[in-house]
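My notes follow as numbered points, so please read them beside the model.

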Amino acid sequence: MDIRPILITLLRHKTASLLIVLEIALSCAIICNAVFIISNRIAELQIDSGVADDELVYLATSSLLPDVNMDALRKQDVQALSSIPGVKAASSVNQIPFGDNVWGSDVRLDANQIRPTTHASLYMDDGQLLQTYGLQVTEGRAFNADEYLDNSAFNPNRIGPSVPAIMLGRSLAQSLFPGQSAIGKLVYVWGENQPPSPVVGVVGDVMTPGTPGSFGDRYHTMIFPIRVSNGAYALRTTPDQRDAVLAAAVAALHATDPNRIIEQKDTLSQMRANFHRRDRAVIWLLLAVCIALLAVTAFGIIGLASFWVQQRTKQIGIRRALGATQRHILRYFQVENFILSSAGIVLGLLLAYSLNMLLMSRYELPRLPLAYLPAAAVLLWILGQIAVFGPARRAAAIPPAVATRSA
């Protein structure tokens, strides 16, 4: 088909054509980035925490007595919690994935290093952390009994008892020592006055708490053999016993210390759901925006095509009288829409890339993958053809005599 008559007709209707092109371009730019953000949020919802999500419950407490011996209370609490029916393991913890407490430290490989190699999250092991969280040692060994320290005896800001051994998460070990075994390597962590600590083991990846970007990587984690006594506990049970174990744990903690406040009690699954509440809200909002934009674009194309059919009734009739078939008329409007859609898509892809650059600079969004651009183009081409099909079919169905007489 010769597209020159189509281009001449479009040039005669510059304003209407330009509006459709801009509408398609805007839809293309927004939908590309919206779908990209949605895919990132969905990936965030599906992120592997590295721990036994559906088996863990968490409690955070504080005592009203200012002079309570926290180390002694921790021992009583862990013993009481471990004896609850259905509890596989119980641990005094400093932090948990999807929790509010965030412990971290710079990591250096040399004492004279000015800038840290990375920033890692710190998990404290009281001897039961691996069993409670469901972590496996993949290289090296776990901590020996004589390597554990009480948190009250350790001060990273002064010379004193040093951390005799540490374990690294798999991702951190590979990042610090690419292509090498981390076992036996020395790492400077948590305080300029502390000597280096040897790496004795590597465990499977466990997610850092806090928001993405708080650390060098979501799986840059370390484990220290330090028993913390801050009133926070994690218990591992079976998925069907979590609510019962949580209720029994509250009663057990009140029994060991009646002057206790339970600040938080949750299953880890619920903590995960709360942590991702904003991500789910963003997904639904952007889905609504995409659907609305597609609907507005489709109705705009339908409206313009219907208007042009009315304006070109005489032209259609003359073409039919000269031998044009219904298929020719249908193809005319489809090609016309394809040209408008293509112009809008080309402009929209440029806008999509520019919008992504803006989001990258202001909101740390990753670069838009190139695969999203042709996908958006195909979607809008298909949408345009579907939207124009109805008005084009009605135009093609107009008899030549009626068309010329109505003009």
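**Notes on the fold**

1. L286 is buried, with a relative accessible area of 16%; here buried means under 20% relative accessible area, exposed over 50% and partly exposed in between, computed with a 1.4 Å probe and protein chains only. The residue sits in helix α8 (residues 277-311). Helices (H or I, at least four residues) and strands (E, at least two) are DSSP runs, numbered from the N terminus. Which residues does L286 touch, leaving aside its neighbours within four places in sequence? L286 is in contact with A34, I37 and I38, where contact means heavy atoms within 4.5 Å. The C-alpha atoms of L286 and V35 are separated by 7.7 Å, although these two residues are 251 apart along the chain.

2. A word on the basis of these notes. This is a predicted model, in which local features need pLDDT of at least 70 and side-chain atom pairs count only at pLDDT 80 or more, while totals for chains, interfaces and linings use all residues. Residues are numbered from 1 along each chain as its sequence is written, and side-chain values use heavy atoms, with hydrogens and water left out.

3. Now the overall picture. The protein chain has 12 helices and 13 strands. Its radius of gyration is 32 Å, well over the 22 Å that the globule rule gives for 407 residues, so the chain is more spread out than a compact globule. That radius is taken over C-alpha atoms, and the rule is 2.2 Å times the number of residues to the power 0.38. The C-alpha trace spans about 100 × 50 × 35 Å along its principal axes.

4. How much of the chain is buried? Buried residues account for 45% of the 407. Of the contacts between residues at least 6 apart in sequence, 81% join residues at least 24 apart. The accessible surface comes to about 20,100 Å², with 59% of it belonging to carbon and sulfur atoms; these areas come from the Shrake-Rupley method with a 1.4 Å probe, and for residues only the protein chains shown count as cover.

5. Strand β1 (residues 56-63) deserves a look. Of its 8 residues, 6 are buried, so β1 is largely enclosed by the rest of the structure. It runs antiparallel to strand β12 (residues 232-236), joined by 5 bridges, and V57 stands opposite L235 there. Strand β13 (residues 260-267) is also antiparallel to β1, with 7 bridges between them, and Y58 faces D266 in β13. Two strands pair if DSSP finds at least two bridges between them.

6. Strand β3 (residues 104-108) has its own partners. It pairs with strand β4 (residues 118-124) in the antiparallel sense over 4 bridges, and G104 has S121 of β4 as its bridge partner. Strand β8 (residues 186-189) is joined to β3 by 2 bridges, again antiparallel; V107 stands opposite V189 in β8.

7. Most residues other than glycine have a negative phi. F98 has a positive phi of about 75° although it is not a glycine. F98 is also buried, at 5% relative accessible area.

8. N101 is found in the loop between β2 and β3 too. Is it buried or partly exposed? At 36% relative accessibility, N101 counts as partly exposed. Neighbours within four places aside, N101 is in contact with Y58, N94, Q95 and P209; Y58 is the residue that stands opposite D266 in β13. Between the C-alpha atoms of N101 and I339, 238 residues apart along the chain, the separation is 56 Å.

9. T208 lies in the loop between β9 (197-203) and β10 (221-224). T208 is buried, with a relative accessible area of 1%. Beyond neighbours within four places in sequence, its contacts include S121 and Y123, along with F215, D217 and R218. S121 is the bridge partner of G104.

10. Last, helix α11 (residues 372-396) contains L379. L379 counts as partly exposed at 38% relative accessibility.
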